[in-house]
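Here is a short briefing on a ligand shell and on aromatic contacts. Look at the structure before reading the points.

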Amino acid sequence: MSLIDGFGRSVRYVRLSVTDRCDFRCVYCMAEEMTFLPRARLLTLEEIATLSRAFVELGVEKIRLTGGEPLVRRGIEELVAELGALPGLRDFGMTTNGAGLVKHARALYRGGLKRLNVSLDSLDPERFRALTRTGDLARVIDGIRAAREAGFQRIKLNAVILKGRNDDEVLDLVEFARKEQVDISFIEEMPLGQNMSHDRGETFCSSDDVRAAIETRHTLLPTTETTLGPSRYYRMADSDSRIGFISPHSHNFCAACNRVRVTAEGRLLLCLGNEHSVDLRAVMRRYPGDLERLKAAIVAAMQKKPERHHFTTDGDVQVVRFMNMTGG
Ligand code: SAM
Ligand code: SF4
């Protein structure tokens with residue numbers, strides 16, 4: 001069995017949000033004051049495991065846990081161990097802000113998690129604090145090192161670049177990635193959620209601008225490598241670190257989209273930039289233990305996957321959900 005949408009795209013990758021909560025309040029992701037979901041509306045860990053099993057039985061090869069911040073969800077280590085043992089799951093990753101890695105990295109690795117993406121937008125402690133509103137840079141850097149010591153290979157940093165906020169740090173972030181022997185992807189900011197702290201039209205920084213900044217120091221060699229995600233990768237001749245660009249605005253990647261997302265409430269979102277969704281929590285709570293019914297609901301939902309997103313760079317909000325609701 002496999003998941004094919006109405007445009008012939010095969011869905012092999014699911015991003016699962018395990019919580020909408022977070023210990024950070026990044027300016028492009030959340031408002032300063034947030035109201036989070038009551039616990040009863042979140043999928044239970046059991047429901048998340050059931051959903052994951054259903055997806056893998058439907059041909060999904062890659063699952064990435066995200067949030068909110070996945071490491072603030074109680075029981076995350078047990079969930080990782082359960083999913084890590086799913087036969088057929090070839091690639092199992094997590095996107096984290098890194099603050100909890102000193103505490104959790106070993107157990108995650110032991111549980112079968114294979115890949116870690118750690119968000120890091122600045123190497124200046126004060127600026128890091130301003131961008132995340134609460135984050136402690138030293139703790140995140142310690143977390144990245146703890147993850148490497150725990151055994152994680154090919155850790156990837158994710159940096160959202162905002163003009164006037166951190167675009168002058170692109171080269172420093174590349175040097176950091178080279179020194180720490182990790183990969184790094186630069187992300188264009190997406191218009192998700194009402195944004196109070198900056199005007200997105202003014203802060204937009206395209207991947208082409210970021211690449212041009214890097215090319216003042218390094219020659220970037222394009223590669224065809226893929227991690228089933230939207231990054232386009234480049235290599236440098238003198239380093240093992242890869243440099244990726246996630247460019248929803250400037251290089252639309254919808255034609256090759258192989259992904260769906262599940263929110264912390266169990267809403268299957270067919271596209272990051274649209275509202276088309278199906279309530280899988282309702283299916284699981286109405287028919288507990290009925291995996292076949294759940295799988296049928298997922299197969300049927302594929303026909304709702306839209307052809308593409310319609311993000312623009314003029315600062316308009318196109319999707320009212322914040323990224324932490326979506327599972328970035
Ligand atoms: N808390 C984890 C973290 O920060 O890595 C996982 C969830 S976070 C929503 C996932 C990724 O989405 C992060 O790399 C973050 O930088 C990115 N992100 C959040 N809001 C965004 C936005 N409006 N545009 C582009 N990327 C965004
Ligand atoms: Fe939290 Fe990640 Fe959103 Fe930052 S980007 S507020 S760390 S969920």
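The shell around ligand 1 has six nonpolar, nine polar and four charged residues by class. Nonpolar means Ala, Val, Leu, Ile, Met, Phe, Trp, Tyr, Cys and Pro; charged means Asp, Glu, Lys and Arg; the others, Gly among them, are polar. The model is predicted: local features need pLDDT of at least 70 and side-chain atom pairs 80 or more, while totals for chains, interfaces and linings use all residues. Residues are numbered from 1 along each chain as written, chains are lettered from A and ligands numbered from 1 in written order, and side-chain values use heavy atoms, without hydrogens and water.

**Ligand 1**
- A backbone N or O atom of Met190 lies 2.7 Å from a nitrogen atom of ligand 1.
- For Tyr28, a backbone N or O atom is 3.0 Å from a ligand 1 nitrogen atom.
- A backbone N or O atom of Gly68 also lies 3.0 Å from a nitrogen atom of ligand 1.
- The protein covers 96% of the 540 Å² of accessible area that ligand 1 has on its own (Shrake-Rupley method, 1.4 Å probe).

**Aromatic pairs**
- There are four aromatic pairs (ring centres within 6.5 Å; planes under 30 degrees apart are stacked, over 60 edge-to-face, the rest tilted).
- Tyr109 and Phe152 are edge-to-face, because their ring centres are 5.1 Å apart and their planes at 70°.
- Phe186, Tyr234 and Phe245 form one aromatic cluster.

**Charges over rings**
- The charged end of Lys62 sits over the ring of Tyr13, 4.5 Å from its centre (NZ of Lys or CZ of Arg within 6 Å of the centre and within 35 degrees of the ring normal).
- Arg293 lies over the face of Tyr287, 3.7 Å from the ring centre.

How values were computed:
Polar contact = N/O pair within 3.5 Å; in protein donor to acceptor, adjacent residues only side chain to side chain. Phe/Tyr/Trp six-rings, centres within 6.5 Å; stacked < 30°, edge-to-face > 60°.
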